[in-house]
Amino acid sequence: MLRRSFMEPDCGVPARGSSAICCGNRMVREGLRSLSFDPRCLRCRRSRSVCMILRLIRTLLVLDSSPSCLERVNGKQGACGCEANTGDGAGILVALPHDFFKEVAKGAGFELPPPGKYAAGMFFLSKLESRRKDSKNVFTKVAESLGHTVLGWRSVPTDNSGLGKSALQKEPVVEQVFLTPTPRSKAELEQQMYILRRVSMVAIRAALNLQHHRIRDFYICSLSSRTVVYKGQLTPAQLKEYYYSDFGNERFTSYMALGHPRFSTNTFPSWDRA
């Protein structure tokens, strides 16, 4: 049994964050027998978080309900600017959907190893093909220099038909990368990905002469063997439609979903800050 509560001192969920662990009736595919909610878990300081008590079993959850959870908390913490269809940001973190990634990897021309033997990265890249190519080349060189093998890249299908003008102007190209662990390190794969992420960001900023106001030319949303993040300068209601090509696939399943609608206060909304 895993218990997460703001009332406990060892809680791993930040009290002032704007996150929600979302589970709904339609999300349960099989095996979920115990689900309860503790009202003490709610706090209202520009955020509303939901803590669930889940029995730790390998449950398959479809993402049909997760974006809906974000929509329900949008009135409290999610925000939009002067354009009703331009959000401050929304995203969702899910467990790596191996069956789905295995299928799309074949379509992209490469094979994936078993779960836990590879990592996946979610990237925001420049719309300019030359800069996009340069950043991917630098990342690949850094990864290979550390002993990783880049298995392949995948363009993530998106639907921007519902986005506002401000979000469209800054919209990046979304791609995913898949790579293997390095045999040179005894560190766990998650630690290896943290090192790769830090080193590659420094190298790419230098190679592309990126300043902070141009960080949208290359941004790593997530790089992990366990989870992947789908996010953007969106409203919670737009998240599902924007990534529907992935979310709508029946193979895209996860045993958990962590949602985040953003309320921008002292910073301007952007895709990387979402």
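This is a predicted model: local features need pLDDT of at least 70, side-chain atom pairs count only at pLDDT 80 or more; totals for chains, interfaces and linings use all residues.
The place of Thr180 is in the loop between β9 and α5 (189-208), and, when residues up to four places away in sequence are not counted, Thr180 touches Lys117, His148, Thr149 and Leu151.

Thr149, one of the residues that Thr180 touches, is itself found in a loop, the one between α3 (129-145) and β8. Once its neighbours within four places in sequence are left aside, the contacts of Thr149 are with Phe178, Leu179 and Thr180. The C-alpha atoms of Thr149 and Pro181 are separated by 7.5 Å, although these two residues lie 32 residues apart along the chain.

## Helix α2 and its buried face

Helix α2 spans residues 98-108, and its buried residues are His98, Phe100, Phe101, Val104 and Ala105. Seen down the axis of the helix, these buried residues fall within an arc of 150°, so they line one face of α2. As a general point, an α-helix has 3.6 residues a turn, so residues three or four places apart point the same way.

After α2 comes Gly109, whose phi is positive, near 100°.

## The nonpolar cores

The largest nonpolar core has 30 residues, and those with the most contacts inside it are Phe101, Met122, Tyr230 and Tyr243. At least two residues of this core are supplied by each of β6 (90-95), α2, β7, β9, β10 (218-224), β11 and α6 (236-242). Helix α2 gives the most to the core, with four residues; Phe101, one of the buried residues of α2, is also among the core residues with the most contacts.

A second, separate core has 21 residues, including Val142, Leu179, Met193 and Ile204. Leu179 of this second core is also one of the residues in contact with Thr149.

## Contacts of Tyr243

Tyr243, which is among the residues with the most contacts inside the largest core, is in contact with Met122, Phe124, Val156, Pro157, Thr158, Val174, Tyr230, Lys231 and Leu234, when its neighbours within four places in sequence are left aside. Two of these partners, Met122 and Tyr230, are likewise named among the residues with the most contacts in that core.

Technical notes: Residues are numbered from 1 along each chain as its sequence is written. Side-chain values use heavy atoms; hydrogens and water are left out. Buried means under 20% relative accessible area, exposed over 50%, partly exposed in between (1.4 Å probe, protein chains only). The arc is that of the directions from the helix axis to the C-beta atoms. Contact means heavy atoms within 4.5 Å. A nonpolar core is a set of buried Ala, Val, Leu, Ile, Met, Phe, Trp, Tyr and Cys residues joined through side-chain atoms within 4.5 Å.
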